[in-house]
Amino acid sequence: MPLHSLMTRRTWLGAAALAAAACTGTAAFAQAYPSKPIKIVVPFAAGGATDVLARVLAEKMTVGLGQPMVIDNKPGAAGIIGTDAVAKAAPDGYTLLLGLSNSMLTNQFLYTKLPYSPERDIAPVYQIAIAPLVLVAHPSVPVSNGPELLKYIAANKGKVAYGSYGTGAYPHLAGAYMSQSQNADMSHVAYRGEAPMVQDLLGGQIQIGFASALQVKAHIEAGKLKAIGVSGERRMGTLPNVPTLAEQGLNDEAYRVAGWLAFGAPAGTPPAILERIATEVRKATELPDVAQRIAAMGFDVQKSSPAQFAAAMVKERPVWERLIKSSGATLD
């Protein structure tokens, strides 16, 4: 066996031995866990979709864990304030994060002064749901699908505006990519939240935008907005008749990725505790009433684990990095 292969094998075996020892050392602690209330930090204001989901899951998980789960809203700076608080918390399983892909993955490529490292300071626990968005257009835009929209924006260079609910958010990144790929020179309008963006879409101040089903489904059904297609790999359960953009031939990676909602914990939290939390999240999301609630929000429920979630982030990381760099977006 070549020397480098032998060394690599010994490194893997050594790491495995250390991991086994660590698990053995924390077994007693994990068996006693939890012995007090668990705090779930939501890095967004109360009342939003992330907060609502956290409260639904906390109620169900409390039963299995035998301890209350307390929601702590820490909004601000695109999820950075709350996520940073979790990154700096004690890694004992009593402080968890229920956040989004931006604060747990993509902000590191967007912000020049991020106070934490998502990969170094946050342990992945469970990817709860994928959060695809629906690309909608004002009725005045004479298109009905993705390919037609691409032709339209290319033929109307500099005349189309797209909205987003923040620089670096998926609606901005996907819109920027669409504009660049078609040399369309579209204008980007960033709003302070999704609701005002949708209001301007309805009013025709902007022509297109990616939005959540929660915000636009009623407007689509009323004919006030056109559904062009859905981001991600699968159709939304709440909008089953709207095809994905990929189904329509828009196979670029920019249209196939989607944001997500997930649990994280401070790095260094014992693996046995992460697995315990993940088990309770899975049990909660498999309850019919919870699964239906999540689907109604336009989210795609996942079956996950700490290892599966970590692997998903490794796979997605370069895609998001490319999207953000190509958009030219940077924030302090």
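This is a predicted model: local features need pLDDT of at least 70, side-chain atom pairs count only at pLDDT 80 or more; totals for chains, interfaces and linings use all residues.

Student: Which residues lie nearest the centre of the largest pocket, and how many line it?

Tutor: The lining of the largest pocket is made up of 39 residues, and Phe 44, Leu 100, Asn 102, Tyr 165 and Ala 169 are the ones that lie nearest its centre.

Student: Which element gives the largest share of the lining of the largest pocket?

Tutor: That is H4, with five residues. Several elements each supply at least two residues of this lining, among them helix H2 (49-65), helix H4 (101-110), helix H7 (170-181) and strand E10 (259-266). By residue kind, the lining of the largest pocket divides into 23 nonpolar, 13 polar and three charged residues.

Student: How do the residues lining the second largest pocket divide into nonpolar, polar and charged?

Tutor: In the second largest pocket, whose volume is about 490 Å³, the lining has eight nonpolar, six polar and eight charged residues. There are 22 lining residues, and Ile 130, Glu 233, Arg 256, Val 257 and Glu 316 lie nearest the centre of this pocket. Two or more lining residues come from each of strand E4 (122-131), helix H10 (253-256) and H13, with H13 giving the largest share, four residues.

Student: A cavity, unlike a pocket, is a space from which the probe cannot get out; how many cavities of 30 Å³ or more does the structure hold?

Tutor: The structure holds one cavity of that kind, and the volume of the largest cavity is about 30 Å³. Its lining includes Leu 135, Tyr 162, Pro 171, Met 178 and Phe 210, and the elements that give two or more residues to it are strand E6 (161-164), H7 and strand E8 (208-211). The lining of the largest cavity divides into six nonpolar, three polar and no charged residues.

Student: What does the side chain of Ser 305 reach?

Tutor: The side chain of Ser 305 reaches the backbone nitrogen of Gln 308 at 3.1 Å. If we leave aside neighbours within four places in sequence, Ser 305 is also in contact with Val 125 and Tyr 126.

Note on methods:
Residues are numbered from 1 along each chain as its sequence is written. Side-chain values use heavy atoms; hydrogens and water are left out. A polar contact is a pair of N or O atoms within 3.5 Å; within protein, one must be able to donate a hydrogen and the other to accept it, and residues adjacent in sequence count only if both atoms are side-chain atoms. Contact means heavy atoms within 4.5 Å. On a 1 Å grid over the protein atoms alone, a cavity is a set of points where a 1.4 Å probe fits but cannot get out, and a pocket is an open set with protein on both sides within 12 Å along at least five of seven lines; lining residues have an atom within 4 Å of a point. Ala, Val, Leu, Ile, Met, Phe, Trp, Tyr, Cys and Pro count as nonpolar, Asp, Glu, Lys and Arg as charged, and the others, Gly among them, as polar. Grid points are joined across faces, edges and corners, and a volume is the space filled by probe spheres set on the points.
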